[in-house]
Each structure stands twice: as C-alpha cells, then as structure tokens.
Amino acid sequence: MNHVLHIIIFICLGWSLSSAEGHSFDHELMPPDSIHIRKSTEGHAPLLKSLLEQNDLKAFYHHAKTVLSELNAMRRHGTMTREEACDMLWSLYPIGGAPMYEAPDYDSVQPWPYKDERNNDIAAKSGVISALSIMDTKQMSRNLDIHEQRLKHLHAAYAAAIIKRLKSLHLPDFGKKETALKDEIIRSHPANPDGNVIGTHPSDYSNLLRIGNLNYFSMRNSLYHSYVSGFMEKIFVPMLVKYFPDQAGEVVKYIRKAGYEDGEVLDLIDRTAGYNSNTAYLYQGKSGEEHRKKLQQKYGNPCPDMSRNANK
C-alpha cells in the first residue's frame with residue numbers, strides 16, 4: 001500500500017494512530033479525593049496505580065478483572081468496611097480512566113501485541129459501570145462519612161465518561177470500508193495483481209498479518225458499539241433515574257456528558273429505562289410532549305412500557 005493511499009484511507013476513516021482517542025488516561029474522571037474520600041494505601045488500588053505508571057496494560061487489565069470479581073463477591077457477602085470501600089473507589093477510578101489497548105494497525109506487518117487480550121480493556125470498563133450501578137450508596141455514604149448525593153454524582157460522572165470514550169472510538173461506517181481495505185491489501189501484493197486470495201506461501205505472510213490486524217480492528221470496533229448499546233446504556237439510564245428521581249435536568253446532564261445529542265436523549269430513555277410512571281418526569285416540556293405523541297401514535301398507549309428493563 002503506497003503512502004498516498006495510506007493517507008487517503010485514514011482521512012476517510014477519520015482516525016489515525018497518532019491522534020486516536022483512548023490512548024491516554026481520561027482526565028474527565030475526577031479522583032475520589034475530589035469528594036474527600038481519602039486515598040487507599042492498602043488493597044488493590046496501589047498495585048493498579050503502579051501497573052498503570054509502568055504502562056503495563058496487559059497486567060493492569062488482568063488485575064482489573066480480579067478486582068472486579070472480588071468487588072462483586074464482597075457485595076454479595078454484605079457491607080464493606082471503610083477501608084474496603086475506599087479501596088474499591090480508588091480501584092474503580094484507574095480502571096475507568098486507564099488507556100485502552102492501542103488499536104490494531106492494519107498497515108503494519110507486526111502482529112497486534114494485544115491479540116491474546118482482545119477485549120479485556122473494554123470488559124473492564126463495562127465492569128466498572130456494573131459495579132457502580134449495584135452499589136448501595138446510602139450504606140457507603142455512611143461508611144465513608146460523605147453526603148450520599150456527592151457519591152451519586154461521582155458514580156454518574158464515571159459512567160458517563162466511560163460511555164463517552166467507547167462511543168468516540170466506534171466508527172459506525174467502518175464495516176462498509178472493511179471489504180475495500182482487504183481488497184487493497186490483497187492487490188498490493190506483487191503476486192496478486194488480480195486480487196487472488198492470499199495463500200500460505202512465505203511471501204504472503206506479511207499481508208496475512210495485515211489482514212489479521214484488520215480483522216482485530218474490525219472486531220474491536222464492533223465491540224465498542226455492542227458493549228455500549230447492549231449493556232452499558234441499559235445500566236446507565238436506570239441508574240440515573242434511581243439516583244435523580246424528579247430531577248430531569250440532572251439525568252439529561254449526564255446523558256449529554258456520555259456523548260449523546262439532545263435529539264438522542266428521549267430515544268435512549270425509551271430503549272433503556274422506558275416510558276413509565278417512574279420516568280414520566282423525563283418527558284415533560286415541549287419536546288417531551290411531542291415525543292409522547294409519537295409514542296401514542298406508534299403504540300396506541302398513553303404510557304407504554306418501552307423497555308424490558310423499565311422500572312415499574
């Protein structure tokens with residue numbers, strides 16, 4: 001693939017390795033001490049911090065998986081001690097903000113270094129949102145001696161930042177370009193001027209690696225979308241409804257922080273929390289009234305439950 005074609009492809013994709021989002025710590029996440037939660041000096045948080053400082057993302061996300069599993073087990077077994085609660089929040093902070101794996105470079109003949117990790121980083125981000133959503137904020141606020149509402153705002157901000165990052169990394173039209181990119185890689189091989197299938201001859205190895213990297217890139221691009229739409233959104237919006245009842249402004253604020261435009265807000269609520277007695281306050285105002293009319297025309301029900309996950 002010549003240099004000019006390389007530039008054209010990346011301009012079309014709107015993405016480049018040097019400027020790709022996700023490869024640095026997300027400083028939109030405020031540390032827990034921003035709401036006066038003291039730093040954890042024991043437990044998992046110091047090790048996660050050390051691994052992150054060493055930029056050892058493989059070990060970092062492997063340990064993050066262990067941390068998230070232990071947090072779920074701890075939650076099932078009862079309330080946490082003050083020290084455990086501190087360590088949990090100071091562990092979720094780096095996991096939520098840590099860089100993502102560097103994206104596979106399908107113009108490179110070097111194997112993607114994270115091919116055996118695949119989606120550990122994406123799964124960890126999702127795990128943070130899950131852990132936040134099931135947390136007993138009332139009990140934790142008493143344990144940490146902070147106002148519960150401050151804890152809720154911290155949780156909502158973390159979840160919003162994580163979703164925004166994954167949404168920003170997803171390229172919606174990449175699937176349409178993938179076939180053309182594969183064809184170009186094949187045609188760039190001197191032995192395949194007519195686009196014949198690359199074989200197993202040693203001279204084909206470099207292009208096989210490039211196609212392998214392209215496949216990994218495509219897989220991760222799909223995972224960004226499927227994790228957000230299939231899991232994170234369905235936890236995020238009901239969590240906001242639970243945290244901020246009758247406070248539509250706060251719910252909408254965090255949905256916007258998660259990267260959604262004004263015209264997407266009510267559609268997101270429809271497919272996650274649903275339109276019901278607990279979410280009716282989110283459909284107030286002119287735009288809400290117009291949206292409700294569309295729902296009534298579509299479903300013939302003045303208050304349809306739009307989602308299996310809706311709060312009853």
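In this predicted model, rings of Phe, Tyr and Trp (its six-membered ring) are taken to pair if their centres lie within 6.5 Å.

Q: How many aromatic pairs does the structure hold?
A: Ring pairs link F60, Y61, Y101, W112, Y114 and Y216 into a cluster. F244 and Y254 also form an aromatic pair. The number of aromatic pairs in the structure is 14.

Q: Which parts does the pair of F244 and Y254 tie together?
A: F244 is buried, with a relative accessible area of 0%, and Y254 is buried at 5%. The two parts are 10 residues apart in sequence, because F244 lies in the loop between α9 (205-243) and α10 (248-257), whereas Y254 belongs to helix α10. The pair therefore ties that loop to helix α10.

Q: What arc do the buried residues of helix α6 cover around the axis?
A: In helix α6 (residues 137-144), the buried residues are T137, M140, S141, N143 and L144. They lie on the same side of α6, because their arc around the axis is only 160°.

Q: Against which helices do the buried residues of α6 pack?
A: These residues include M140 and L144. Their packing partners are α4 (82-97), α7 (148-169) and α9.

Notes. Residues numbered from 1 in each chain as written. Predicted model: local features only at pLDDT ≥ 70, side-chain atom pairs only at ≥ 80, totals over all residues. Heavy atoms only, no water. Phe/Tyr/Trp six-rings, centres within 6.5 Å; stacked < 30°, edge-to-face > 60°. Helix = DSSP H or I, 4+ residues; strand = E, 2+ residues; numbered from the N terminus. Buried < 20%, exposed > 50% of the residue type's maximum accessible area, 1.4 Å probe, protein only. Arc of directions from axis to C-beta. Contact = heavy atoms within 4.5 Å.
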